[in-house]
Amino acid sequence: MKEYCEDIHRTVNRFGNSYEIFSQDIDYRNSISMSIMQIGELTTHLSDEFKEQTGDEIPWRLIKGMRNHFAHGYAYMETKDIFETAIEDIPLLEKKFEEVLQNYDLELKPNLSEQEDFSMEIEL
């Protein structure tokens with residue numbers, strides 16, 4: 001999740017911190033949108049215990065909810081909302097991820113599934 005936050009930061013730096021550019025450039029919008037969606041998707045790989053312990057610090061339900069809007073089209077995603085999320089919320093979320101990793105002395109380790117898909121698993 002932290003890596004996707006970093007991807008968003010790099011993408012904003014590459015294209016510019018401009019809503020006008022964001023609203024007109026489909027590649028910019030798609031890159032940011034996919035990274036936000038992936039952050040939400042990765043919440044499903046966290047234990048309920050971990051989400052409960054960190055829920056005061058990180059709004060897991062909101063993160064997953066935004067992913068659902070992207071993935072299932074529950075509601076039309078406003079371009080302005082996506083841009084504001086990338087510019088305002090993602091930097092704060094990235095800092096929270098860093099704090100949680102430090103405060104809970106978490107270790108990131110690769111986990112290869114039976115299909116050889118690569119994912120990250122967080123252990124307490």
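A residue is called buried here when its relative accessible area is under 20%, exposed when that area is over 50%, and partly exposed in between, with a 1.4 Å probe and protein chains only. The model is a predicted one, in which local features need pLDDT of at least 70 and side-chain atom pairs count only at pLDDT 80 or more, while totals for chains, interfaces and linings use all residues. Residues are numbered from 1 along each chain as its sequence is written, and side-chain values use heavy atoms, with hydrogens and water left out.

Helices (H or I, at least four residues) and strands (E, at least two) are DSSP runs numbered from the N terminus. Of the 124 residues in the chain, 32% are buried. Taking contact as heavy atoms within 4.5 Å, 58% of the contacts between residues at least 6 apart in sequence join residues at least 24 apart.

Next, select Ile36, which sits in helix α3. Is Ile36 buried or exposed? Its relative accessible area is 5%, so Ile36 is buried. Show its surroundings and, setting aside residues up to four places away in sequence, you will find that Ile36 touches Ile8, Met66, Phe70, Ile82, Thr85, Ala86 and Ile90. A distance drawn from Ile36 to Arg67, C-alpha to C-alpha, comes to 7.0 Å, although 31 residues separate the two in sequence.

Now move to Thr79, in helix α6. Thr79 has 18% relative accessibility and therefore counts as buried. Beyond its neighbours within four places in sequence, Thr79 is in contact with Tyr19, Phe22, Ser23 and Arg29.

Finish at the second largest pocket, which holds about 310 Å³ of space. Select Pro59, Ile63, Thr85, Asp89 and Leu93, the closest to its centre among the 14 lining residues. Two or more lining residues come from each of α3 (26-42), α5 (60-72) and α6 (79-103), and α6 gives the most, with six. A pocket is an open set of points on a 1 Å grid over the protein atoms alone, where a 1.4 Å probe fits and protein lies on both sides within 12 Å along at least five of seven lines; lining residues have an atom within 4 Å of a point. Its volume is the space filled by probe spheres set on the points, which are joined across faces, edges and corners.
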